[in-house]
Amino acid sequence: MVNLNAASSPIGSEVFSLIALLAISLVVLLILRHYLPLRTTPAYLLVPIFFALSLPASIVLLVPIDLASNARDEDVGSRGIWLPDRVLLVSWRITYWLTFALTWFILPILAEYADAGYRDPKGRLLFSLRANAQYQALLFGSGLLGMIYVFISSGASPTSLKGLIMALAYCWGLILAIYLMGHGLVAIPRSLFRSANISGTLKRIQSKAPKVHEKMEDAINKLEDLEAQVAQLNQRKTGSAKNFKDWIEELADESHLPESRPRTLTRRLSDPIVTVPNVITERYLADLSRQITRARHSRARYLDEWDRLVYEFVEIRAVIDSAASKKIELGQVSPYSSIFDRITILNPYTRYLFKYHLVPYTRMFLGCFFSLASICIVWSEIIKTVNPLFSIISVTVVHHRDSERGQIGFAGQVIAACWILYMCAAALTSLTEVKVWRGRALVRRNTHGESAMWYAMQVAKLSVPLSFNFLTCLTPDIYEYTIFYNFLGQLINLTPLGSWFDLLFPAFILVPVCATLFNLYGKVKNWIGFGGVIDEDDEDQRGYGTGSWREGRDLIERELQGDSSLGRLADSSTDRRSHVSNIPNNRTAPTVSVPPTERREAQASSSRPNRNPPPAEADPDDQNFFQLFGHRVKNTLEGIETPKWLQNSGEGFKRPKWLGGDGDESNPSESNFTSWFGGRRDGRVRL
């Protein structure tokens, strides 16, 4: 009896769970440190974002523990990590309702609060509430329609109202999760296969460079226009501008117009566009402040993206050039280098073997592995509506079919956690590729507070639907006994509509999978002129001046020839990106450090190649068989000289007098078509 009690004690599992939670918190802090400056970001941004990331991450830990804990009546010693039912129920309640509150109320309000341009907290809060009023009104309207249906189907009760709230949140999250996950299941393996081709990766970088460079120029021009508007506004000393003198001076102190353009770009030929109204109001200044903050973060974003692109070009070209010498010399360490690139234990030859041979083959292997995992997930989503016993996810997680309900050990828990992680990663990686998110982006150490809030909100919104969707890929005799299903699943299946939606809608994952696999986005763009919802690599771009890889190659070469931070890493280690503060009430002017060795101010050439250059001959590698055959036939025909008898065939014929001929030989080029019908050179006709 003593041994049985000792074996059934959950102390070991509780210790493991606490250590895992601490590890999750540490990883979340490292993620925040990578994207946000921890010292300057206010607490009202850091704390909600921390919980919005750590709570969904803990769900990846709770689901496998819940799966193993539902079989306590079996041999406890053969199970993995388990916890008592009461502990699991409290954990699920805390995790779910905190995540729900962060997703639908706290994070949207704080995101608009961080994006507001007002100076005082009261004005920022009122702006945030007004901005979220329409959003909350739409939620309330859909909730009313759902409440009518639920009350008719299940009756009016607190349980029905609670089920309505949880079911609506789950349905909207599942729709978004299935679309994003379907795209990510194809995009992740495809990116690994493409990155395994070194020369193809170099050409894709060159093809991407013109678009990134143009966006960087547009962001810089927009910031210059706004700062010029502030400068003109600061010159007003009378009228309505006098009432906001301090606010305008603070905006002027933050502006640094001469330093806003990197020195590898030439100065603008036209003056910035400045439109200042006659009457200055508080709302106008708040909107101007908000636009300036967004423009600064947009400028920092595209500068960071451009620098990263140039660094990747240098790395890939060094690997390609090492094919002859069999050596890769380690130069100066870039801030974008990974931890493996900073390790100097490899000599030049072993580094060549690692980067030229091992890394591509490893990516090919991972691409095949994740492709197989994606196929298994799609198959499980489709087959679970027919027979869950054929679900590959269920087969890989449940290892003990001899038990009445099936028992999940520690290996099954690890595999279940890996499945959930891959499903979440497929959905979350798609967020950075979808173009409908109002220009939000994650920038290294310089992410806008509103963008960080929005991405954290999406993580919290997608975690619960994806976890419960994974749970339904198992057999019903497994997941129906879990605490998670008793807490959430029963309320989702409270009505027949909810049951059928939860059962059939995941099969629609084939739509985004096929759209990404066969590039239906590009076909839709060609058909109706609207497309490009997902960023696709344009591998067939040819010609100069149209964003081709040749234009990108010239732009990157020009960047490397200048004294930029990537061209001469040994001379300067200062980050040329200005760190834009996320503190709304901190009006100190942010410093922009642009060392002279990074950006050269005077360049004779323009910032972009000419959009209308003379047509260049296409490389033979870019031409197909029919183009090559056509060029050869054309060159052959152009080389044939016209015989003399054919050249002089028209000289022996003279026009008669009744056709207007005077007996003299006239130049054929000076003849007119009307002269054959009696016409004269002055345009008259002889009758």
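1. The bend at a residue is the angle between two fitted axes, one for the seven residues ending there and one for the seven starting there. Helix H7 (residues 198-234) bends by about 30° at Ala209. A proline, Pro210, follows within four residues. Helices here are DSSP runs (H or I, at least four residues), numbered from the N terminus.

2. This is a predicted model: local features need pLDDT of at least 70, side-chain atom pairs count only at pLDDT 80 or more, and totals for chains, interfaces and linings use all residues. Residues are numbered from 1 along each chain as its sequence is written, and side-chain values use heavy atoms, with hydrogens and water left out.

3. Now the salt bridges. A salt bridge is a side-chain nitrogen of Lys or Arg within 4 Å of a carboxyl oxygen of Asp or Glu. A search of the whole structure finds twelve.

4. One of them pairs Glu250 with Arg119, the closest N and O atoms being 3.0 Å apart. Glu250 lies in helix H8 and Arg119 in the loop between helix H4 and helix H5, so the pair ties together parts that are 131 residues apart in sequence.

5. Asp304 and Arg308 form another, with closest N and O atoms 3.9 Å apart. Both lie in helix H9 (residues 282-325), four residues apart, about one turn of the helix. Asp304 is buried at 6% relative accessible area, whereas Arg308 is partly exposed at 29%. Buried means under 20%, exposed over 50%, partly exposed in between (1.4 Å probe, protein chains only).

6. The buried residues of helix H17 (residues 510-517) are Pro512, Val513, Ala515 and Thr516. Just after H17, Asn519 takes a positive phi of about 55°.

Notes. Helices (H or I, at least four residues) and strands (E, at least two) are DSSP runs, numbered from the N terminus.
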